[in-house]
Amino acid sequence: MTIVEAGDPVLRRRASEVPAAELGSAPLFELVDEMVAAMRAAPGVGLAAPQLGIGSRLIVLEDTAERMAHLSEEERRERARSDVPLTCIVNPVLESMSDEKEVFFEGCLSVPGYSALVPRAHEVVVSGLSPAGEPIRLRATGWPARILQHELDHLDGTLYVDRMLTRSFCTVEEVRTRYAGKSLAEIAKELGV
Ligand code: ZN
């Protein structure tokens, strides 16, 4: 399945709850498998069902040490980036646990080629169900909290460009070549954010 891009109205609609009757069903597990495959192939650290053109409240996320290999210790610390095991949440509900916002670069598989600084809550709690119908409750801070907020936004028709600091909008190439290894303070100064 291909990832739909900004402009497709499915990315701007509120996705529907997955009905209880579909929990544990073969079609739901198949959809989850498709989402995981598309996320890994991209590669990305998260994917919401609307990104495959399906208006259902379903997200997957995964971030591994391998994917972070290009980051220095300091960069990982600054981003509060830590391992996220493969997680799939059906009908997730997000609660922000802190008024404290962290700002960092974020991109989206549906807005390929670009990135921007986006303020996100430092800590969130997400509750929902596994595809089998088991309750899930996740508490996350830093990078994993950012991924969760980004993916949950997709279920409400919101893209990161709706929340970004607009002056920080960059091509991925510029972020890689110009800002890799720089502190957030330096980046903000260069961009006049
Ligand atoms: Zn996205």
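In the largest nonpolar core, which has 18 residues, the members that touch the most other members are Ile59, Leu61, Ile89, Val124, Val126, Ile147 and Leu148; a nonpolar core is a set of buried Ala, Val, Leu, Ile, Met, Phe, Trp, Tyr and Cys residues joined through side-chain atoms within 4.5 Å, and buried means under 20% relative accessible area (1.4 Å probe, protein chains only). This is a predicted model, in which local features need pLDDT of at least 70 and side-chain atom pairs count only at pLDDT 80 or more, whereas totals for chains, interfaces and linings use all residues. Residues are numbered from 1 along each chain as its sequence is written, and side-chain values use heavy atoms, with hydrogens and water left out.

- A second, separate core of 15 residues includes Leu28, Val32, Ala38 and Met39.

**Gln149 in helix H3**
- Gln149 lies in H3 (residues 142-155) and is buried, with a relative accessible area of 9%.
- Leaving aside residues up to four places away in sequence, Gln149 touches Leu94, Arg120, Ala121 and Val124, contact meaning heavy atoms within 4.5 Å.

**Strand E5 and its partners**
- In strand E5 (residues 114-121), 6 of the 8 residues are buried.
- E5 pairs with strand E4 (residues 101-106) in the antiparallel sense over 6 bridges, pairing requiring at least two DSSP bridges between two strands, and Phe104 stands opposite Val118 in E5.
- E5 also pairs with strand E8 (residues 170-171), in the antiparallel sense over 2 bridges, with Ser115 opposite Cys170 in E8.

Notes
Buried means under 20% relative accessible area, exposed over 50%, partly exposed in between (1.4 Å probe, protein chains only). Helices (H or I, at least four residues) and strands (E, at least two) are DSSP runs, numbered from the N terminus.
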